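Please keep the model in view while reading.

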Amino acid sequence: TVGEMSSTTIDHCVKYSNPNRQELSSVFNFHHLKVDYPDGEKWAKGKMDFHQLKEILMNWQLGIYEGGGWNAIFWCNHDQPRVVSRFGDDSSEELRQASAKTLAIALHMLQGTPYIYQGEEIGMTNPHFKSIEEYRDIESLNAFQYLKSQGYSEQHILEILDQKSRDNSRTPMQWDDSENAGFTSGESWIATADNYQKINVEQAMKDSESVLHTYKALINLRHQNDILTYGNIEPMYMDHNQLFVYRRHYRHQTWLIIANFSKDEVTLPDDLDISGDTIIQNGTVNQHKISGFGAIVIETAK
C-alpha cells in the first residue's frame, strides 16, 4: 500500500510506513513539487527553486531512512505538470531528451520505490495549449475565471496554466504517429499534444538512445544492485547552483551521482573526484566539466 500524504511531516510518514507498525508500505509526499510556487501560490508563474528542491529531497531521504520508513519517489502524476517541461527543458528535441534522462537518473538513484507516470518514460511534455477551450480540468477552468476577475489578461493566465494545469499530464498516451497518437480511433476527451508524431512509444522503442531505454536501464540497475534499495545517502555540494550531487553507501560499495540541472556546461568542483567505474551516463563528463543536462553514476573507491 502507498499513502498519498500531500503535506504531512517526515515524522508522521516514518510512523505510517515503518514495517513494525503494519500500516502502509510507503508514502508519497508532495513538498518537492511546490518549489515553483512563488510565495506558496500555485496559480502564478514561477521558476523552480533549485536549492529548495535539493533540500527537501535530501531531508526526506535522510529522515525516512533514519526512521526506518519507506519513500515513494516520483516526479509526475495525474495532478502534476510533466517534469521535462517543469524542471527540465522542452524547448528543443536535444534539450528535451537530455533533461528527461538526467531527471530520471537523479530520481532513480534515490532510496525508495520509484513511480513512473504514463508517458514519463518516453519524455512526454506539457501540451502547451493555446486557448482555454482546450482545457478540461475543472480546477484549471475555475482558476482561469478567478484570475480573469482579478484583472489578469487571458494571455497571462494561459501562460500560468501552461505551467501549472493538471491537464498537462492528462493528454492521451502517445503510442505512435497515427491519428490521436494511436490512443483511440474515436475522438479523445482532450487533445493530444502536437508533438506526438516525434515523441511516441513506437519511435522510442526503435531508438537505442531514447529516454525509454534510459528508464529501462535504470529499472535493471535497481533490480540488480542492493545499494539502491538498502544504501544510505550522503548529500554533497548542497549550495551548488546547478549540480545535484550525492553518494549512496552500502557495505563496501559507494556510488557517486552527479546531475546537472542546467542546460549549460558546468565546471565540476575541484575537490570532486570522479574516478571509478561508470554505471550509467547521460551527456559528456570528465574530471573538469559536465555537459548541459548531463548526468553520471560512478562506483568509486570510497
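Tyr246 stands opposite Ile257 in strand 7. The model is a predicted one, in which local features need pLDDT of at least 70 and side-chain atom pairs count only at pLDDT 80 or more, while totals for chains, interfaces and linings use all residues. Residues are numbered from 1 along each chain as its sequence is written, and side-chain values use heavy atoms, with hydrogens and water left out.

Strand 6 (residues 243-250) and strand 7 (residues 253-260) run antiparallel and are joined by 8 bridges. Strands here are DSSP runs of E with at least two residues, and helices are runs of H or I with at least four, both numbered from the N terminus; two strands pair if DSSP finds at least two bridges between them. Strands of a sheet pair through backbone hydrogen bonds, either parallel or antiparallel. In this model, an open sheet of 5 strands has the order 5-6-7-11-9, with antiparallel pairing. Its edges are strand 5 (232-236) and strand 9 (277-282); each has a single partner strand, so one side of each is left without a neighbour in the sheet. From one strand to the next, the twist averages 15 degrees.

Helix 4 lies across strands 6, 7, 9 and 11 of this sheet, and runs at about 135 degrees to strand 9. Such angles, from 0 to 180 degrees, are taken between N-to-C directions of axes fitted to C-alpha atoms, for helices over the stretch in contact, where contact means heavy atoms within 4.5 Å. The helix comprises 16 residues (93-108) and reaches 23 Å from its first C-alpha to its last, close to the 22 Å expected at 1.5 Å a residue; the expected span is 1.5 Å times one less than the number of residues. Helix 4 is largely enclosed by the rest of the structure, because 14 of its 16 residues are buried. Buried denotes under 20% relative accessible area, exposed over 50%, and partly exposed in between (1.4 Å probe, protein chains only).

Ser291 is placed in the loop between strand 10 (289-290) and strand 11 (295-300). With 16% relative accessibility, Ser291 counts as buried. Beyond its neighbours within four places in sequence, Ser291 is in contact with Asn260, Asp264, Glu265, Gly283 and Thr284.

Cys13 is buried at 0% relative accessibility, and Cys76 is buried at 6%.
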